[in-house]
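Here are my notes on this model, written as a few numbered points. Have the structure open while you read.

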Amino acid sequence: MFEIVSKRVLSPAITEMKVHAPRVAASAKPGQFVIVRVDEEGERIPLTICDYDPEAGTVTIVTQTVGYSSGKINALEKGDSFADFAGPLGRPSDLLDLTEEELKKRRVLFVAGGVGTAPVYPQAKWLHEHGVTPDVIIGAKTNDLFTYVEEMKKVANVHLATDDGSEGFHGMVTGLMEQLIEKEGREFDSCVIIGPMIMMKFAARQAARYGLPTMVSLNALMVDGTGMCGACRVSVGGETKFTCVDGPEFDGALVDFDEAMRRQNMYRNHPKNHHEPDKECKCNG
Amino acid sequence: MANRIPRVPVREQDPKVRATNFEEVCYGYDGDEAVAEAGRCLNCRNPRCVGACPVHVSIPEFIAKVAGGDFAGAAATIARDSSLPSVCGRVCPQESQCEGSCVLGIKQEPVAIGKLERFVGDWAIAHAGEAPAEKPARNGKRVAVVGSGPAGLACASDLAKAGYEVKIFEALHKVGGVLVYGIPEFRLPKEAIVAKEVEAVKRLGVEIETDVVIGRTMTVDDLLDHEGYDAVFVGSGAGLPRFMGIEGENLNGVFSANEFLTRANLMHAFDDKSDTPIIAGRKAVVVGGGNVAMDAVRTAKRLGAEAVIMYRRSEAELPARVEEVHHAKEEGVEFRMLTNPVRILADEAGWVKGLECVEMELGEPDESGRRSPRVKEGSEFTVDCDVVIMALGTSPNPLIKSTTKGLDTNRRGCIVADETGRTSREGVFAGGDAVTGAATVILAMGAGRKAARAIDEYLSAK
């Protein structure tokens, strides 16, 4: 059993939990994910690692309620336990392959949308620890829905965008990308985009306009998370890849987002997903 | 004459009833039936069945004990060579192994060796509680076992008996590997059989930790260099599904047999209490002809779908156990032989709506001796369906290969090991599907036991 040592409600549908999982905490790297199971009846759910502390033996996850099982996770309280918490899974971020010298020259622009902000955090923090302060765009529908902004400000130059203009740039993250790059003339050499699939699709397209190579982190459906089931397959440059072992990060210019979105909704209308099934995130579409 | 007695029939669940539930199909022999069937064995001087058994169980010897009512003795005889008789008695392809070479089979039906083995194994499980736990004295050396499938369980139990401190690391949340995620409940009961076999291994003092993915949570190098293990056995199986590479394979409603079976078997998706969903559709076509294909198609049938097996060769070439094919037909599965899909057709929403297929014909036998299928020109036709399940075989998971220094693998991604299980990396042994590619439970079990002997030799000499 894996105990929840702290819980924070970040917005009505989003919570952050620190989970005691020493083996995962000892091996976790930015970009990786875990598979959790709430209880004996629970589904195996992949969640991106948002932070980790090898000394305390804890791993931080941020979950948004989108269906029955994510709702069940968010109903857990401090002191409760996950039946299973396996990982770290997937390949770490490509940034980790760079040497210190190469890193210092990099100008990475992170683009985070909604619940995708938390998974950007470990990558931005890692860069900051290696002497680079990246730029991070965080987008949300309205300023009540921002998460991880304070944490992010400690490790990055943060640029906020809200659809309703309640804070920061008035518009979508794609508009803020245009603002920073075209109007303010800021220079970047690559873009890491994490958020809802639809937002990643358009942000990757926007980045391509500026000739920026992109990485996107996919949150596909999975069962085992170790390459066995193939539920997470995604077309990347016309080739089928498994998100769990080949990803979760892929070249945003090559991912077939329409297929990925269709596959992500495969069980949306399944009778077991007895939970408001039709709330599509519109924050960045 | 003993050989005039017909084979004792085995009781089974009615096909119409069982096609709607997940309970075990075959009830197995009771004591009287087992004694009667055992009486048919001729106790040949040169028993061909023993030679045909991958682990050379002393078949006539255990059967003679069953015939004499000495079930404990029979269990002890089998235990010399096999640690999973309840499992192997249910899932071994007996018709191409022991029973296939039984002398009685020349003129009539062979002795039901598999059913007798199953009877003995189940008897031993039912009476295990009576024997006190015997934990052997420890020799102070530690071995890590990667994977809790048949190879890992067999290796761990032999090493524990030899005095080693053994810990099994399992990636999934349940113990048993393919026995729990792959083989369905209706063929191999999880609580009554698999869990009991696992308990028996634990009673020997073997520790098992789930949710540890070797290659990610820890590496083989970590186990040897930081966790204090003196040797590692890798029995990580062959879990990676293959697809055909045809158009439409990523449509909604196309699944690997691994995914479909894992949802049903490991996650109990067929049960309303389980949160995990599963989609069998209105009509499910399973592509392939092996045991996994039969398991998938019979699972789809039980979930209420019209269920079809599509195989590119003819029925004679089906690699599945004869019993599974027979059971599938009894349950109402449709068999479309000499047919191959070439394209999966989509509806407007991106879900499967059919399969474009071609008819096949068998050509001359190739080097392997099997007649190779070839497409009949102009034979294209469409099969209506809303679920397609690919059961085309699996290959080993590259996670361990890619994270272990100095561990050689071959072209197919299998770990290279000699016949004792020794790999290119000192202190690392391997066996089962991770070495051979997808094979059988009994071969994996046998490989685990051989590796246990090699590990014992290696560590004794150290």
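1. How much area do domain 1 of chain B and domain 3 of chain B bury between them? About 1,200 Å², with 50% of it on carbon and sulfur atoms. Buried area here is the accessible area (1.4 Å probe) that two parts lose on being put together, summed over both. B:Arg18, B:Ala19 and B:Phe22 supply 46% of the area that domain 1 buries against domain 3, more than any other three residues.

2. A quick word on the ground rules. This is a predicted model, where local features need pLDDT of at least 70 and side-chain atom pairs count only at pLDDT 80 or more, while totals for chains, interfaces and linings use all residues. Residues are numbered from 1 along each chain as its sequence is written, chains are lettered from A and ligands numbered from 1 in the order in which they are written, and side-chain values use heavy atoms, leaving out hydrogens and water.

3. Where are these domains? Domain 1 of chain B covers 2–130 and domain 3 covers 241–394; the bounds come from an automatic or database domain assignment. Their C-alpha centres lie 31 Å apart.

4. Now look across the interface of domain 1 and domain 3 of chain B: the rule finds three salt bridges (a side-chain nitrogen of Lys or Arg within 4 Å of a carboxyl oxygen of Asp or Glu). Also check B:Glu330 and B:Arg18, whose side chains meet in a salt bridge at 2.6 Å, N to O.
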